[in-house]
Amino acid sequence: MIETRELTKHFKDVRAVDGINLTVARGELVAILGPNGAGKSTTLRMLTTLIPPTSGSAEVAGFDVVRHQREVRLRIGYIGQGNGAGHSQRGRDELISQGRAYGMGVRAARTRADELIESLGLAEVANRTVSTLSGGQRRRLDIAMGLIHAPELLFLDEPSTGLDPQNRANLQEHILRLRAEHGTTIVLTTHYLDEADSMAERVIVIDHGRIIADDTPRQLKAKHVGDRVILGFAGPDGAAEAARASGGEQRGAQVRITSDDGPRLAARLAALGPDSIEVVRPTLDDVFLTLTGRSLREDASAPESELVEA
Ligand SMILES: Nc1ncnc2c1ncn2[C@@H]1O[C@H](COP(=O)(O)OP(=O)(O)OP(=O)(O)O)[C@@H](O)[C@H]1O
């Protein structure tokens, strides 16, 4: 569905995207994760034909993004950041107008709008003026707009940024349902580690315009970080002895050991008689930290409190 070769975009001396080779198969749900300025939006904007690459190439839905822009656009939906500001039309009319803009007949556009209103839970929005909708309602309407022409592939650029946790959960559920019901291929960008972790079967981590990791969340965590087993003792002497016996690292009254299978190791280490045993599962942020030496949570635009559990 997507195939890029050394896809590159420079803005003067900024290498926004620096030679990306990416393949996405039909039906996949892929999250592109990375800090501010990593090149996520620029990648999406090239794949959706909004800006041309500086070099390299990309095929989307079987067509080259430079030579066959129209063919690509007819087959994709794109929901950018901050779509749909200040519309005076009602939600349903907005959807129908969008369908007409894609060349659909009035009847087909109406039927499709009603289907989307039903499947995206937009009944309460259909007859309201778009400018009066809440952020969450508006974002769901944006998604319906991106889907009006039944695209095979949907790009979502930070769909849940700015939404409260409840609206975000709601939106995630809608995206997952969309995929289950229509088999739509979905590529989304996000700052939210938990979103990438829970929704996507494949996470692509981008930093400085390059792909630095590409795998399932589970594999990324297992391969790059592993579980940590933390044994607690009454004092450093007990910890020192356990560190010798287990090959772990002593930190005061604690011993830390990394493993592919934390629970199994913890069960084995219980024989050393610690006062406490804790198994800490890695997060995608730990993966990012291991790969880059930096934390994604330092990212200023992503509220700290919402990134606690990945
Ligand atoms: N039109 C432009 N002109 C000049 N520089 C640009 C332009 N668009 C993006 N950049 C730069 O390219 C780099 C990548 O930006 P991009 O928006 O793709 O990052 P991002 O990963 O989507 O970040 P965010 O999470 O903040 O949206 C940044 O350094 C950005 O400042």
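View 1. Buried residues make up 40% of the 310 residues in the chain; buried here means 20 or more other C-beta atoms, placed from the backbone, within 10 Å of a residue's own. This is a predicted model, so local features need pLDDT of at least 70 and side-chain atom pairs pLDDT 80 or more, while totals for chains, interfaces and linings use all residues. Numbering starts from 1 along each chain as its sequence is written. The chain carries 12 helices and 14 strands, taken as DSSP runs (H or I, at least four residues, for helices; E, at least two, for strands) and numbered from the N terminus.

**View 2. The shell around the ligand.** Going by C-beta atoms (placed from the backbone) within 6 Å of the ligand, the shell includes Phe 11, Val 14, Lys 40 and His 191. The tally is four nonpolar, seven polar and one charged; Ala, Val, Leu, Ile, Met, Phe, Trp, Tyr, Cys and Pro count as nonpolar, Asp, Glu, Lys and Arg as charged, and the others, Gly among them, as polar.

**View 3. The buried side of α11.** In helix α11 (residues 262–269), the buried residues are Gly 262, Leu 265 and Leu 269. They end up on the same side of α11 because they cover an arc of only 70° around the axis, going by directions from the helix axis to the C-beta atoms. Among the elements covering them are β11 (227–232) and α10 (236–246).

Conventions: Buried ≥ 20, exposed ≤ 12 C-beta atoms within 10 Å, placed from the backbone. Contact = placed C-beta atoms within 7 Å.
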